[in-house]
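Me: Hi! Could you walk me through this structure with me? I'd like to go through a few local details.

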Amino acid sequence: MNEFIEKIRKYSDYSGEAGAEDAAVEAAEKALGLTFAEDYREYLLECGAACADGHIFTGINTVAETTALWRSRHPGITDGMYAVEIFEQDGIAAWQNGSGEVFLTRDGVSPRKLCDSMLEYVILMER
């Protein structure tokens, strides 16, 4: 299990679903035309989807649709990026690319790199 999964599971308000099958993860990657970063892929396989410490992370049943919808709102997002968390009321989205880097966008603002992994993202957001 990766450190990101270990970290979110330690929160007292953690809630997760059943892990996804490999075929479902591959189908989501194919639908988006990309490859998930290893930490996000493991998260989908272990957790399926999860909420923890105020975060509502995209999951196997939402990542493709959410990414497609939010790409249209954030034209600076490249095809290799997928949504990992959405802050709907603020028009903010957190994105990850296949190498694991996490970016933040806001409506009308270009992506800005925040960190190198989902673990770093969760730690950064604790502050």
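Reply: Happy to; what follows covers aromatic rings, a strand residue, the cysteines and one backbone angle. Keep in mind that this is a predicted model.

Me: Great, rings first. How many aromatic pairs does the structure hold?

Reply: There are 7 aromatic pairs. In one of them, the ring centres of Tyr40 and Tyr82 are 5.0 Å apart and the planes make an angle of 45°, so that pair counts as tilted.

Me: Are Tyr40 and Tyr82 buried or exposed?

Reply: Tyr40 and Tyr82 are both buried. They also belong to a cluster: ring pairs link Phe4, Phe36, Tyr40, Tyr43, Phe57 and Tyr82.

Me: Nice. Which residue lies over the face of Trp70?

Reply: That's Arg73, at 4.1 Å from the ring centre of Trp70.

Me: Switching topic: what can you tell me about Thr105?

Reply: Thr105 sits in strand 6 (residues 102-106). Thr105 is buried, because its relative accessible area is 2%, under the 20% cut-off.

Me: Which side chain does Thr105 make a polar contact with?

Reply: The side chain of Trp95, and the contact is 2.8 Å. Leaving aside residues up to four places away in sequence, Thr105 touches several others, including His74, Ile77, Ser110 and Pro111.

Me: OK, cysteines. How many disulfides does a search of the whole structure find?

Reply: The search comes back with 0. For Cys51, the nearest cysteine sulfur is that of Cys47, 11 Å away. Cys115 is in no disulfide either, and its nearest cysteine sulfur, again that of Cys47, is 18 Å away.

Me: Is Cys115 buried or exposed?

Reply: Cys115 is buried, with a relative accessible area of 5%. Cys51, on the other hand, is partly exposed at 31%.

Me: Last one: what is the phi of Asp53?

Reply: Phi of Asp53 is near 50°, which is positive although the residue is not glycine. Most residues other than glycine have a negative phi.

Me: Where is Asp53 found?

Reply: Asp53 is in the loop between strand 2 (50-52) and strand 3 (55-57). Its relative accessibility is 36%, so Asp53 counts as partly exposed.

Key:
Residues numbered from 1 in each chain as written. Predicted model: local features only at pLDDT ≥ 70, side-chain atom pairs only at ≥ 80, totals over all residues. Heavy atoms only, no water. Helix = DSSP H or I, 4+ residues; strand = E, 2+ residues; numbered from the N terminus. Buried < 20%, exposed > 50% of the residue type's maximum accessible area, 1.4 Å probe, protein only. Disulfide = S-S within 2.5 Å. Polar contact = N/O pair within 3.5 Å; in protein donor to acceptor, adjacent residues only side chain to side chain. Contact = heavy atoms within 4.5 Å. Phe/Tyr/Trp six-rings, centres within 6.5 Å; stacked < 30°, edge-to-face > 60°. Lys NZ or Arg CZ within 6 Å of the ring centre and 35° of its normal.
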